[in-house]
Amino acid sequence: MNKTHRSYSKEKLNRLAWLLDNSIRIPGTDIRFGLDGLIGLIPGFGDAIGAVISTHILNQAAQMGAPKSLLIRMGFNIGLDALLGIIPVIGDLTDFVFKANHRNVQLLNAYLEKPGKITMHSRLFIGGMGFLLLGTVLLIGFFGILLMRWLWLSVQGG
């Protein structure tokens, strides 16, 4: 992708993120939200629609040459936003606070400015999430073994 096209794409993504996450200001405050927050209010489908729209930024980042580690990190932001959106009331509030699209465009812009630094941070993020996932699985397994032991001892009468 040439420099002019990349600059044009970057500006379009900045505008899209602004529209989705910050385009509407609550009068008399500095609180801003966007169309993603409003779309998320649609019961059942809103958060899924918001996630689909958010993947456009992810696709553009891939076309601009972002590394897999950054794309995974951006996908995590989209997934977390959609997952939190499922929770009634709290999910709607997080749509107005988390702003995954803005985060993802900031990550992409930072990558385009300093590719090595952001790639390293994204890899560390993925490593940390992998470690957290592994720890969670091991913890669940440990409690499962304790539960089975307790049940066995209860049945044996000891």
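Figure 1. The structure shown here and in the following views is a predicted model. Val-89 has its place in the loop between α4 and α5, the latter covering residues 90–97. The phi angle of Val-89 is near 65°, which is a positive value in a residue other than glycine.

**Figure 2. Lys-99, a buried residue in the loop between α5 and α6.** Lys-99 also has a positive phi, of about 55°, although this residue is not a glycine. Is Lys-99 buried or exposed? Its relative accessible area is 16%, and because buried means under 20%, Lys-99 counts as buried.

**Figure 3. Helix α3 and its buried side.** Which residues of α3 are buried? They are Gly-46, Asp-47, Gly-50, Ala-51, Ser-54, Ile-57, Leu-58, Gln-60 and Ala-61. In general, an α-helix has 3.6 residues a turn, so residues three or four places apart point the same way. On the face of α3 that is turned away from the buried side, one finds the exposed residues Val-52 and Gln-63. After α3 comes Gly-65, a residue whose phi is positive and near 90°.

**Figure 4. The largest nonpolar core, with Ala-61 as one of its members.** This core contains 19 residues, and those that touch the most other members are Leu-13, Ala-61, Ala-66, Leu-70, Met-74, Leu-108 and Tyr-111. Two or more residues are given to the core by each of the elements α1 (3–21), α3, α4 (68–85) and α6 (100–113). Ala-61, which also belongs to the buried residues of α3, is in contact with Ala-66, Leu-71, Met-74 and Leu-108, if its neighbours within four places in sequence are left aside.

**Figure 5. Leu-19, a partly exposed residue of helix α1.** Leu-19 is found in helix α1 and has a relative accessibility of 35%, so that it counts as partly exposed. What does Leu-19 touch, not counting residues up to four places away in sequence? Leu-19 touches Gly-34 and Leu-35. Leu-19 and Asn-101 are 82 residues apart in sequence, while their C-alpha atoms are 9.5 Å apart in space.

**Figure 6. Helix α4 and the helices packed against its buried residues.** The 18 residues of α4 should span 26 Å at 1.5 Å a residue, and the C-alpha atoms at the ends of α4 are 25 Å apart, which agrees. The buried residues of α4 are Ser-69, Leu-70, Leu-71, Met-74, Asn-77, Ile-78, Asp-81, Ala-82 and Gly-85. Among them, Leu-70 and Met-74 are also listed with the core residues that touch the most other members. The buried residues of α4 pack against α2 (35–39), α3, α5, α6 and α7 (115–156).

**Figure 7. Helix α7, a helix of 42 residues.** From its first C-alpha to its last, α7 reaches 61 Å, which is close to the 62 Å expected at 1.5 Å a residue. Which residues of α7 are buried? They are Ile-118, Thr-119 and Ser-122, and these buried residues pack against α4 and α6. α7 is followed by Gly-157, whose phi is positive and near 80°.

**Figure 8. The whole protein chain, as a setting for the close-up views.** The chain has seven helices and two strands, and from the N terminus on its elements run in the order α-β-β-α-α-α-α-α-α. Along its principal axes, the C-alpha trace spans about 75 × 40 × 25 Å. The radius of gyration of the chain is 21 Å, whereas a compact globule of 158 residues would have one near 15 Å. Of these 158 residues, 32% count as buried. Among the contacts with a separation of 6 or more, 60% are made by residues 24 or more positions apart. The chain exposes about 10200 Å², and carbon and sulfur atoms supply 71% of this area.

Terms used. Residues are numbered from 1 along each chain as its sequence is written. This is a predicted model: local features need pLDDT of at least 70, side-chain atom pairs count only at pLDDT 80 or more; totals for chains, interfaces and linings use all residues. Side-chain values use heavy atoms; hydrogens and water are left out. Buried means under 20% relative accessible area, exposed over 50%, partly exposed in between (1.4 Å probe, protein chains only). Helices (H or I, at least four residues) and strands (E, at least two) are DSSP runs, numbered from the N terminus. The radius of gyration is taken over C-alpha atoms; the globule rule is 2.2 Å times the number of residues to the power 0.38. Contact means heavy atoms within 4.5 Å. Accessible areas come from the Shrake-Rupley method with a 1.4 Å probe; for residues, only the protein chains shown count as cover. A nonpolar core is a set of buried Ala, Val, Leu, Ile, Met, Phe, Trp, Tyr and Cys residues joined through side-chain atoms within 4.5 Å. The expected span of a helix is 1.5 Å times one less than its number of residues.
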